[in-house]
Amino acid sequence: MHSLSFLCIATFFKGEAFLRACKSLGNTVYLLTDQKLADKEWPRDAIDEFFFLQSPSNSSESLAEMVTGLAHVMRSRKIDRVVALDDFDVEKGALIRETFRIPGMGQTTARFFRDKLAMRMRAASEGIRVPAFSALFHDETVTDFLRATEAPWLIKPRSEASATGIQKVHSLEEAWSVIHALGDRRHEFLIEQFKPGRVYHVDSLSYEKTIVFTLASMYLATPMEVAHGGGVFRTMNLSPQAPETSSLYGINTRVLNAFGMRHSASHSEYIRGDHDGELYFLETSSRVGGAHIAEMVEAASGINLWSEWAKLEVAVARGETYQVPVNEPQYAGLIVSLARQQWPDLSSFTDSEIWWRMKREHHIGLIVRATDADRIQQLLDAYMHRIYTDFHASAPVPEKPTN
């Protein structure tokens, strides 16, 4: 068995199953993480050596410091592959590959999986529907966009995950007030027309430019609704026979092909507009979905995206063939909320369908699994009301993502 050295980057505490699987396949595993995460419960038996960043920032100064530090590391240690385990680290991984000529996704392709403006421009150029949008570079262009489209609009950071940093505006004057307040960071944002609709996510594994595993799911409360309205996050996977499923798989394949996906996990989001019933692309990423979506996917399919992503990366690096496990389809649903209790007591939740319980301070979360989709919906609805009554807390929208 050919042993390789993998540099995994995680400036959030995640990816433990990836690290374990990569190590179990006989590889050397290095972890580059934020100094503030040094004491987290990493699977230390699966990590040969830690390297720490003084700052997780993607500023030019922080990235230059990271490259200089790794150049010293690589004088005595060989690095064969680089894997960014979080959306925020995709830029770091691409820069390291480009600088040290390590195989894998480079900076140009990485932009399509990180920069929301690049995503929209590429998708639109390939004939994939996207909500009407504009960059914020040129004053007259922005004003023309605002006058040509109907309110409301969303002003979004180009490089943040989920609903982080999004502001909703309802008039030309309010839009310009927010844009001016961005100051010198204005070019790091875009503006997009907001149209209500049903939001979906598609979680996939790609190998040799082909999607080898995919699961479509439906948000019952989207990350944006939760972040801005203080709701309870809920999602569940769709039936293969659901009318939306084949359309979601189709647009997801078009997006990943257009963006140059070769080998990785991906998490992509789409919206079916209430105004016309059509699917629109929202965003994608070359990583496993956050907010415990990976655990829900495993409950619904039997496939652990983190460990399979590791096996896929190792197979590609060794020139071996990757074979995805057989899907064991069921239905699963996820519900997560902030909690006013430090350690919520979940003992009152006793249904046999409960597959996973969250263990995190000031959070409550459950995953349920069943062979009947209606049962999943019933449980999620019942749990939502119980959580609102007995546990729920809300907090302001964070400026930076929290997982």
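Start your tour by selecting Gly26: just after helix α1, this glycine takes a positive phi of about 90°. Keep in mind as you click around that this is a predicted model.

**Back into α1**

**Into the core**

The largest nonpolar core has 52 residues, and Phe18, Leu85, Leu205 and Trp309 are the ones that touch the most other members. Show helix α11 (residues 305-318) next, as this helix gives the most to the core, with eight residues.

Then centre on Leu85. Which residues is Leu85 in contact with, leaving aside its neighbours within four places in sequence? Cys8, Ile9, Ala10, Lys14, Gly15, Phe18, Leu19, Arg287, Trp306 and Trp309 are the ones to display.

A second, separate core has 47 residues; Val130, Met218, Leu380 and Tyr383 are included in it. As a general point, nonpolar side chains in soluble globular proteins tend to be buried together.

**A stop in α12**

Select helix α12 (residues 373-390) and find Leu379 in it. Is Leu379 buried or exposed? Its relative accessible area is 3%, and Leu379 counts as buried because that value is under 20%. Not counting residues up to four places away in sequence, Leu379 touches Asp351, Glu353 and Val368. For a sense of scale, draw a distance from Leu379 to Phe112: they are 37 Å apart, C-alpha to C-alpha, and 267 residues apart in sequence.

**Last stop: α9**

Finish with residues 243-259, helix α9, whose 17 residues reach 26 Å from the first C-alpha to the last, close to the 24 Å expected. Colour Glu244, Thr245, Leu248, Ile251, Asn252, Val255, Leu256, Ala258 and Phe259, which are buried. Looking down the axis of α9, you will find these buried residues within an arc of 165°, so they line one face of the helix. Their packing partners are α4 (107-112), α5 (116-125), β9 (197-207), β10 (210-221), β12 (264-273) and β13 (279-283). Finally, click on Gly260, which follows α9 and has a positive phi, near 85°.

Key: Residues are numbered from 1 along each chain as its sequence is written. This is a predicted model: local features need pLDDT of at least 70, side-chain atom pairs count only at pLDDT 80 or more; totals for chains, interfaces and linings use all residues. Side-chain values use heavy atoms; hydrogens and water are left out. Helices (H or I, at least four residues) and strands (E, at least two) are DSSP runs, numbered from the N terminus. The expected span of a helix is 1.5 Å times one less than its number of residues. Buried means under 20% relative accessible area, exposed over 50%, partly exposed in between (1.4 Å probe, protein chains only). The arc is that of the directions from the helix axis to the C-beta atoms. Contact means heavy atoms within 4.5 Å. A nonpolar core is a set of buried Ala, Val, Leu, Ile, Met, Phe, Trp, Tyr and Cys residues joined through side-chain atoms within 4.5 Å.
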